[in-house]
Amino acid sequence: MNCNIGVIKGDGIGPEIVDEAMKVLDKVAEVYNHTFNYEQLLMGGISIDTYGVPLTDETIEKAKASDAVLMGSIGGDTTTSPWYKLEPSLRPEAGLLKIRKALNLFANLRPAYLYNELKRACPLRDDIIGDGFDMLIMRELTGGLYFGERSTKEVDGKMTAVDTLTYNEDEIRRIAIKGFDIAMKRSKKVTSVDKANVLDSSRLWRKVVEEVAKDYPEVTYEHMLVDNCAMQLVRNPRQFDVILTENMFGDILSDEAAMVTGSLGMLSSASLNETKFGLYEPSHGSAPDIAGQDIANPIATILSAAMMLRYTFDLDKEADAIEEAVKQVLADGYRTEDIYDEGSTKVGCSKMGDLIAERIN
Ligand code: IPM
Ligand code: MG
């Protein structure tokens, strides 16, 4: 298969982790006889430094023209980086939001899985971990607070900031359908998370999810308030299969879900629209504090590349091979610093990529 992949390395640890994902993809190409063509695209801080804006229209067009985009991470230290002196619409994150919207990537899949080998990196008690957990957060990605109207201005002599949370029923329905569809391929349970005791947008969310649920009689579903969900994630994460939620709640809960699996460095993600196109990126940020030191964990990005093979290119066998290689490396005792524990072998970012690539054959 001939695949055209747009590559956004981005800022901070982005370039190093993407290099490792490409190393692993190249090994897949060699073993399974595919051709992966990469086109480097600039987004985030590096695009600001080069073009003065975090994402150019030309880059959007190039991303659209590719089959899929593999991304690292964007942004810098929000207190020290000059990028954060710019007005909000010119900062690195604005590029990420713009590409999500421009490509209509409304469905963000964030699987959080506890590897047996990483049980010791999990901050939860053994009796809570039990035989591990395996959940997927289906986060709505192009609506809600992230894209509502906002302003900061003086009202009655006081500086006043406003952000608006808007959802229409179509936006809720399409993400709910994605959530139930994926539940059908997993353990057939959906937990829809909202704040319906306070928010109108959540009350509409609940109503639409209930309508969608009628088409999936095999799927068990429940509604859960977001504060309760945050608590349940550390009290009993094993109860979850698919967590279906809006943009902001999904942002917060996915970091929490990632951490209970041992490290943010393990959580991959796929952002999809109604076509086969997808943008694949780790759920974690650009970690500017550890950039360029060869200590970042490339696994979330490597697993994101596996998701790309599975969802955009239908290369299930190849995706399985990457996931298997990651398991193997962990079973063989190799760890980056973030998941290191005594008795395992500490390796850097690049070595981790080598070890995973070696196990694809
Ligand atoms: C994420 C990130 C982004 C988000 C930031 C960088 C804008 O935290 O992908 O989870 O909030 O969506
Ligand atoms: Mg986030």
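Which helix gives the most to the shell around ligand 1? I looked it up in what is a predicted model. Helix α4, residues 92-102, gives the most, with 3 residues.

**Entry: the ligand shell**

I listed the surroundings of ligand 1 next. Glu93, Leu96, Arg100, Arg110, Arg139, Tyr146 and Asp251 surround ligand 1. By class, the shell holds 5 charged residues, 2 nonpolar ones and no polar ones.

**Entry: polar contacts of the ligand**

I then went through the side chains that approach oxygen atoms of ligand 1. For Tyr146, a side-chain N or O atom is 2.6 Å from an oxygen atom of the ligand. For Arg110, a polar side-chain atom lies 2.8 Å from a ligand oxygen. For Arg139, the distance from a side-chain N or O atom to an oxygen of ligand 1 is 2.9 Å. Ligand 1 has 320 Å² of accessible area on its own, and the protein covers 78% of that.

**Entry: strand β3**

Is strand β3 largely enclosed or open? I counted buried residues in β3, residues 68-73. The count is 6 of the 6, so the strand is largely enclosed by the rest of the structure.

I followed its pairing on to other strands. Strand β1 (residues 2-10) runs parallel to β3, and 5 bridges join them. One pair I noted is Gly10 with its bridge partner Ser73 in β3. Strand β12 (residues 278-280) also pairs with β3 in the parallel sense, over 2 bridges. There, Val69 has Leu279 of β12 as its bridge partner.

**Entry: positive phi**

I finished with the backbone angles. Most residues other than glycine have a negative phi. I noted two residues against that background.

Asn33 is not a glycine, yet its phi is positive, at about 60 degrees. Asn33 sits in the loop between α1 (14-32) and β2 (35-41). Is Asn33 buried or exposed? With a relative accessible area of 67%, Asn33 is exposed, because the cut-off for exposed is over 50%.

Asp314 is not a glycine either, and its phi is positive, at about 55 degrees. I found Asp314 in the loop between α10 (299-311) and α11 (316-331).

Notes
Residues are numbered from 1 along each chain as its sequence is written. Chains are lettered from A and ligands numbered from 1 in the order in which they are written. This is a predicted model: local features need pLDDT of at least 70, side-chain atom pairs count only at pLDDT 80 or more; totals for chains, interfaces and linings use all residues. Side-chain values use heavy atoms; hydrogens and water are left out. Helices (H or I, at least four residues) and strands (E, at least two) are DSSP runs, numbered from the N terminus. Buried means under 20% relative accessible area, exposed over 50%, partly exposed in between (1.4 Å probe, protein chains only). A residue is near a molecule or strand if one of its heavy atoms lies within 4 Å of it. A polar contact is a pair of N or O atoms within 3.5 Å; within protein, one must be able to donate a hydrogen and the other to accept it, and residues adjacent in sequence count only if both atoms are side-chain atoms. Accessible areas come from the Shrake-Rupley method with a 1.4 Å probe; for residues, only the protein chains shown count as cover. Ala, Val, Leu, Ile, Met, Phe, Trp, Tyr, Cys and Pro count as nonpolar, Asp, Glu, Lys and Arg as charged, and the others, Gly among them, as polar. Two strands pair if DSSP finds at least two bridges between them.
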